[in-house]
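Hello,

Please open it first and keep it in view while you read the notes below.

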Amino acid sequence: MIDRPRLQAQAGGREELLGVSVGHGSRLGRPGRGRALRLSLSLPPHDRRAMERGPTREGGEPGPVEPAEPGVGGGGEPGSGSGLPGAPVAVAAVLPAGGCGERLGGPTPKQFCPVLGRPLISYTVQALQRVSWIKDIVVAVTGENMDRMKAIVQRYQHQRVTLVEAGTTRHQSIFNGLKALAGDHPHCKLPTPTVVIIHDAVRPFVEEDVLLRVVTAAKDHGASGAIRPLVSTVITPSADGCLDQSLERAKHRASEMPQAFLFDVIYRAYCQCGAHDMEFGTECLHLALKYCHTKAKLVEGTPDLWKVTYRRDLYAVESIIKDKISQQICVVMDSKEDAGCIGFLQELLKKELEVKGTSVTLCPNGQDLQKIFLEDCYNFVCINMMDSGFQQTTKLLDGLESTTPSLLYPAAVVSVHFLDSQKISLSERMKELMEMKDFAKEVKKRNVFLYGVLICFTQDNLQHLQDSVRQGASLITSLIKDRNAGLTGQLLIA
């Protein structure tokens, strides 16, 4: 459910703050089901006067905070923490997502561009949501995209998410997110965290170990950020367009995201920012150094922390996701079908993909599927009995619905059927399987891609049988690796 908006009067306009509260989700989205971590973060005695002053007027002078209109807040449990033995601590995250994507081209901002049918920002939000010790995720989006983001939160069952209206610049959007966590909104129920993570909405591949390292470094140093080696040499041109100097690449690093800060450090820095910083600055670590004299600890990041900037980057994201999730499959079938051409089909699939396991029966409570998803398997080859229509696949889809109502990546289900042309005609078999289109439309809403493969053979022609099964295995492998949304509900004939 999305709670009603709270509009806060500001000196420069009105800011919308929306608490988003969503019911229990899947393993991938439910708080407390991730890897158990306790972060022992003790807060040093930094000056909190800036936090009490609230935001500043232009030029850095403290200004009053206007009261917010009544509303209902969203987010995690107040005061809740996690981590290694030590004092409990709250960790929150802010995602600035107000960009218009000028360099991407096209009318749709890059954070809302679809990747495998799902908006890019949803992958990033879910990557943070999977980390149970991040208690609140504040997303700053423009007013014109607020309804679009609400719909994304609802459809993909994002939890612990609060929406605020973005500013006209990146820094203003981040500041609006920090205000929501600072208690500047009297009726906001979000607790002020000990540490806040700032991350880009268009960096979807952030992993928990990187987040943990920047948060731990921020505890010790007040600020931290992920870095990567430079790919290209940085040069300085002269006024006439000629080379002036070049930097030694080995001595410099590219600043990436995520970054993490003790909350009072980064909030004090933003409260003291001048108009020039808010308008033209991009580096949060520099603000902490400039205004709070806090030197950030730099943490080596992973190669997949790059930012989606150009349209070609969207294709790269899709390719990475497909490659990441198409390596393993689970073969689901009835035990009595583990023979003959079906056994041959399994052997062929094992040569192309890593077969995660074979479930001979599907438990009503979905426990077998839950175990598979705990191991991040998103591909299912469901082999239906020779004399059945769609029964086994229906059981599998029902199990997926009860086990995984919200998937980080789209699951691919290939429903495999057999046709002995000596017993039944192709037209009769096709008619039996036409119900697959309706199933495919329904499960696609749950981020499940359903495909069909019909393997035709004759029992008395061994060569034809083997060729058909080989072709079927090739089709199955291609469907899983390509994950073409346009082919969902189609029945391909081998």
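Start with Y267, which is buried, with a relative accessible area of 0%. Please keep in mind that this is a predicted model.

First, the chain as a whole. It has 15 helices and 19 strands. Of its 494 residues, 53% count as buried. If you take the contacts between residues at least 6 apart in sequence, 78% of them join residues at least 24 apart.

Now the aromatic rings. A pair of such rings is described by how far apart the centres are and by the angle of the planes. The count comes to 6 aromatic pairs. One of them is formed by F263 and Y267, with 5.5 Å from centre to centre and 15° between the planes. This pair is stacked, because planes under 30 degrees apart count as such.

Where do F263 and Y267 sit relative to each other in helix α6? The helix covers residues 263-272, and the two are 4 residues apart in it, so about one helical turn separates them. F263 has a relative accessibility of 1% and therefore counts as buried, the cut-off being under 20%. Together with F175 and Y270, the residues F263 and Y267 form one aromatic cluster.

Two charged side chains are placed over rings. K179 lies over the face of F175, at 4.6 Å from the ring centre. The charged end of R118 sits over the ring of Y123, and here the distance to the centre is 5.5 Å.

How much of α6 is buried? The number is 9 of its 10 residues, so the helix is largely enclosed by the rest of the structure. The buried residues are F263, D264, V265, I266, Y267, R268, A269, Y270 and C271.

Two helices that pack against α6 are worth looking at in turn.

- Helix α4 (residues 170-182) packs with α6 at an angle of about 130°, and the axes are 10 Å apart. The two helices are therefore oblique to each other. The crossing of α4 past α6 is left-handed. On the α4 side the contact involves H171, I174, F175, L178, K179, L181 and A182; on the α6 side it involves F263, I266, Y267, Y270 and C271.
- Helix α8 (residues 284-292) has an axis that comes within 8 Å of the axis of α6, and the two cross at roughly 80°. That makes α6 roughly perpendicular to α8. From α6, the residues V265, I266, R268, A269, Y270 and Q272 meet C284, L287, A288, Y291 and C292 of α8.

Y270 takes part in the contact with α4 and in the contact with α8, and Y270 also belongs to the aromatic cluster.

Last, a residue in a loop. F205 is placed between β8 (195-198) and α5 (208-221). Is F205 buried or exposed? At 5% relative accessibility, F205 counts as buried. Leaving out residues up to four places away in sequence, F205 touches D304, W306, V317, I320 and I321. The C-alpha atoms of F205 and T302 are separated by 9.5 Å, although these residues are 97 apart along the chain.

Regards

Definitions and conventions:
Residues numbered from 1 in each chain as written. Predicted model: local features only at pLDDT ≥ 70, side-chain atom pairs only at ≥ 80, totals over all residues. Heavy atoms only, no water. Phe/Tyr/Trp six-rings, centres within 6.5 Å; stacked < 30°, edge-to-face > 60°. Buried < 20%, exposed > 50% of the residue type's maximum accessible area, 1.4 Å probe, protein only. Lys NZ or Arg CZ within 6 Å of the ring centre and 35° of its normal. Axes fitted to C-alpha atoms, helices over the stretch in contact; angles between N-to-C directions. Parallel < 35°, antiparallel > 145°, perpendicular 65-115°, else oblique. Left-handed = near helix turned anticlockwise from the far one by under 90°. Contact = heavy atoms within 4.5 Å.
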